[in-house]
Amino acid sequence: MLVYYPVLHNVWGGGWLYHMKVVDYAGGVVINTTAGVAALVTALYVGPRKDFHKYNGDFPPSNLPLAASGAGMIWVGWMGLIGGPGFSANEITVMAIVNSQIACYSSASTWLLLTVVGAVLRKQETMSLSIVPVINGAVAGLAGVTPCCAYISMQCSLGLGVVFGILSYSSASLLQYRYHVDDALDVFCVHGVTGMAGTIILGLFADKSLNPALEHSGLFVHYSIDAWRFLGLQARLHLPRQQEPYVVIHEEKKAFKACEAVIRLGVQVMAVVLVAAYSAAVTLLLFVLINRILQGGIRFTPQEEAIGLDRLEHHGAYHGLQRSVCIDEISMKVERGLPAMVEGMVEKYVDEAAERLLKLASQMQGPGSENKMKTVRWGGARRASMTPLDAAGAELPLQHANLEQAVLVKYMQLSQGLEVAEGATSM
């Protein structure tokens, strides 16, 4: 509220940036710049998550289907964001939506290509393509083209999508691998960097002939040669001098228009710098105040992060979803013979998975039978070994269990050094 609304008023609501004729079609400055810079300040103030250096910032994704579904919702919703500012269904709105889609596609393709190239340059031992770079690239293209989509041609949006993809990917890699900034969703790079770049690029490639609402075209559209003349580079470019009076007057008018284009570009740059500085200052001030007010500060301890913030703060509201995701990851990693890697994941879900396992064993054995299991003392907490026993005490055949049961049994069989105590549970 303290960041977004003042900027919103200044750019769109009659503020001083509005009177300076800052152009922002759908939120490159108002939304993406403010959010991106605030995200960077947040990441720097809070610090990296637990095990950031262990994974070198490349944490495994929690749930790719949900991530893809969320990206699709953002993609569809963004078309409403782009189509709304015109307040009418006309050719300008259609052009804005088409340009957004083109930039989105080209930026997503650029991210995917750069991900492969980056993995090769970093000499990663294993490399598997994922939908994550496609998601990041698509959002980067949408965020970058947002301020200028109603003022550029389709050919320009295609090229700008590649530029936004390169800028966002390179900045994300730089922050993550060199400066070790833990921006979990790359908000600063995907939204902030591209939003600022799109706002500045608007002063270069905006075309008044495509949108009459624009007062001046960009510097590189109609006034490129005249701008160089105005800046005193006539001799270097070997441009011929005209001595006729009417030609001189005509050239002076064109040079004056080129001067206006340079001023418009400077206004766009100034808006980006001032809004970014304001967002950073207010966000930092809010974090300092909140950190002083909250008991214990805003940063969780490593022990609390190990327990899981969903369980700690929301009391297991998302536990069922997390458990199903955990089981899938366990099955994949155990089949590769890596039980040690899943120890931390399975620890939080052992009790619940044991109950489900015993219920499955009861169904396989028929009604009236008793099931036994082994329990372990694991770090001072009661855990289940997930080995179901029939009434005679013999282990159930592994081939008759479902995938979840087989994975958990195999995991506990591979685990070493556990203090085992026998217990019994009836379903």
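I start with R299, whose side chain reaches the backbone oxygen of P48 at 2.6 Å. The backbone oxygen of G47 is reached by that side chain too, at 3.5 Å. Polar contacts here are N or O pairs within 3.5 Å; within protein, one atom must be able to donate a hydrogen and the other to accept it, and residues adjacent in sequence count only if both atoms are side-chain atoms.

On provenance: this is a predicted model, where local features need pLDDT of at least 70, side-chain atom pairs count only at pLDDT 80 or more, and totals for chains, interfaces and linings use all residues. Numbering runs from 1 along each chain as its sequence is written, and side-chain values use heavy atoms, with hydrogens and water left out.

R299 sits in the loop between α12 (245–293) and α13 (302–307); helices are DSSP runs of H or I, at least four residues, numbered from the N terminus. R299 is partly exposed at 32% relative accessibility, on a scale where buried is under 20%, exposed over 50% and partly exposed in between, with a 1.4 Å probe and protein chains only.

Now the rings. The whole structure has 8 aromatic pairs, meaning Phe, Tyr or Trp rings (for Trp the six-membered one) with centres within 6.5 Å; planes under 30 degrees apart are stacked, over 60 edge-to-face, the rest tilted. Y45 and F287 are stacked, because their centres are 5.4 Å apart and their planes at 25°. Y45 is in helix α3 (residues 28–46) and F287 in helix α12, 242 residues apart. F287 is buried at 16%, while Y45 is partly exposed at 29%.

How values were computed
Helices (H or I, at least four residues) and strands (E, at least two) are DSSP runs, numbered from the N terminus.
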